[in-house]
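Here is a short briefing on one protein chain. Look at the structure first, then read the points by topic.

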Amino acid sequence: MQGVAGFILISVLTGCNREEAKVYHIPKEDSPPSQPAQEAAPQAVSPETGVPPDDATSLPQLKYQVPESWQEKTPGEMRVASFTAVGPDGQSADVSVTPLPMVGRDLELINMWRSQVRLPATSDPDAVTQAESVAIGAEQGRLFEFASEQPMLGKYRQRIVVAILTRGTMSWFFKITGGDAFVTSQKEKFLQFLKSVAFVENEPGQDADAAATQNANKNASPIWTIPSGWQSVPPSQFLLAEFSLSGPGGAKAEVNVAELDGEGGGLLANVNRWRGQLSLGSVDENDLSQLAQSLDVPGGKATLVDFAGVDAKTKAPTELVGAIVPLNGQTWFYKLMGDKQIVAQQKDAFTKFIQSANYANAR
């Protein structure tokens, strides 16, 4: 089995009641092990940052000032920094910083964010040029805002404010999301946070120190071998990783990975949740035993299911292959869903992707 040592953040400082500068180091990747002779070498990606090893070596240190009332969280998934903006009456907003090797796909990103607040997709190229200019440290980025038309968070509408800064082949995404009114009230703090950002290029000797720390503080997420032809995309909220798969005639499918503490709601509930996405009825424990298969994975067993139906959103014929992996007090959820022909063609690669995971350092 192949794997790539995960990137880690070697300086995680706790928040306090005053503004405080934070410094994060992203070390170089160890050389990956050689690929099997029978397969072409696929690109390996760390779910901690989403950055391929060749790009990670050039990432700078990130410094910033934490605004008052923002609480720092341990970064995870694809983030290098993460916060909760806290307000009165239990109001809060999520703030994240994510670097990705993604340039020139602005309209796709805009439609992804529009989808997150249930706005229809747009093909208007002016949607890209309508961004505001915003200061991100000493550089100029672009600022986008999206708000839902209907309540999504209880009685509140949802708002997303996201700033993009492109540096070379890497784009940095700074995002705050939450209730419409509260995010609006936090916008000035968010803009001040952006102004405080500084990128400090690694100095000689820092990579060796970072690598030593990496050996002592292992990444908390599994790492996969990504099949050839899978296109990594920015994951939606609550996902560890997401990939787009394309076929003839514009046909598409997607793969996503999520992780939850404990049982994550249980096997049956999640299988029925997937069935609902295909407009299929629920099953009980007896039915499940007839529908599910066991799959060997590193450190244990996964439950694999395969359903065909009609996408509850698009009404298109759709197939879904899902796997649930319980391990070390956590549960990982893998889903391949989309055009039936693509799903059928990619099922074997999907299975190998799941079996390639390295959970040795999972929490």
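Helices (H or I, at least four residues) and strands (E, at least two) are DSSP runs, numbered from the N terminus. Just after helix 2, R118 takes a positive phi of about 60°. This is a predicted model, where local features need pLDDT of at least 70 and side-chain atom pairs count only at pLDDT 80 or more, while totals for chains, interfaces and linings use all residues. Residues are numbered from 1 along each chain as its sequence is written, and side-chain values use heavy atoms, with hydrogens and water left out.

**The chain as a whole**

- The protein chain has 8 helices and 19 strands.
- Of its 363 residues, 48% are buried (under 20% relative accessible area; exposed is over 50%, and partly exposed is in between; 1.4 Å probe, protein chains only).
- Take the contacts (heavy atoms within 4.5 Å) with a separation of 6 or more: residues 24 or more positions apart account for 59% of them.

**Helix 2**

- The buried residues are D106, L109, I110, N111, M112, W113, R114 and Q116.
- They pack against helix 3 (126-129), strand 8 (139-147), strand 9 (158-167) and strand 10 (170-179).

- Seven strands form an open sheet in the order 13-14-15-19-18-17-16, with antiparallel pairing (two strands pair if DSSP finds at least two bridges between them).
- Strand 13 (231-232) and strand 16 (293-297) are the edge strands, and each pairs on one side only.
- Strand 14 (residues 241-246) pairs with strand 15 (residues 252-261) over 6 bridges, in the antiparallel sense.
- Helix 8 (residues 340-355) lies across strands 14, 15, 16, 17, 18 and 19, at about 155° to strand 19.

**Strand 18 and its neighbours**

- How many residues of strand 18 are buried? The count is 9 of its 11 residues.
- Strand 17 joins strand 18 through 8 bridges, and the two run antiparallel.
- G309 has T318 of strand 18 as its bridge partner.
- Strand 17 and strand 18 form a hairpin with 6 residues between them, and K315 in the turn has a positive phi of about 65°.
- Strand 18 joins strand 19 through 9 bridges, again antiparallel.
- L320 has M337 of strand 19 as its bridge partner.
- The hairpin of strand 18 and strand 19 has 2 residues between the strands, and N328 takes a positive phi near 55° there.

**Cavities**

- A cavity is a set of points, on a 1 Å grid over the protein atoms alone, where a 1.4 Å probe fits but cannot get out; lining residues have an atom within 4 Å of a point.
- There are 3 cavities of 30 Å³ or more.
- The largest cavity holds about 320 Å³ of space (grid points are joined across faces, edges and corners, and a volume is the space filled by probe spheres set on the points).
- Its lining has 21 residues, and R79, S96, T98, K175 and P235 are the closest to its centre.
- Strand 6 (92-100), helix 2 and strand 10 each give two or more residues to this lining.

Terms used: Axes are lines fitted to C-alpha atoms, for helices over the stretch in contact, and angles run from 0 to 180 degrees between N-to-C directions. On a 1 Å grid over the protein atoms alone, a cavity is a set of points where a 1.4 Å probe fits but cannot get out, and a pocket is an open set with protein on both sides within 12 Å along at least five of seven lines; lining residues have an atom within 4 Å of a point.
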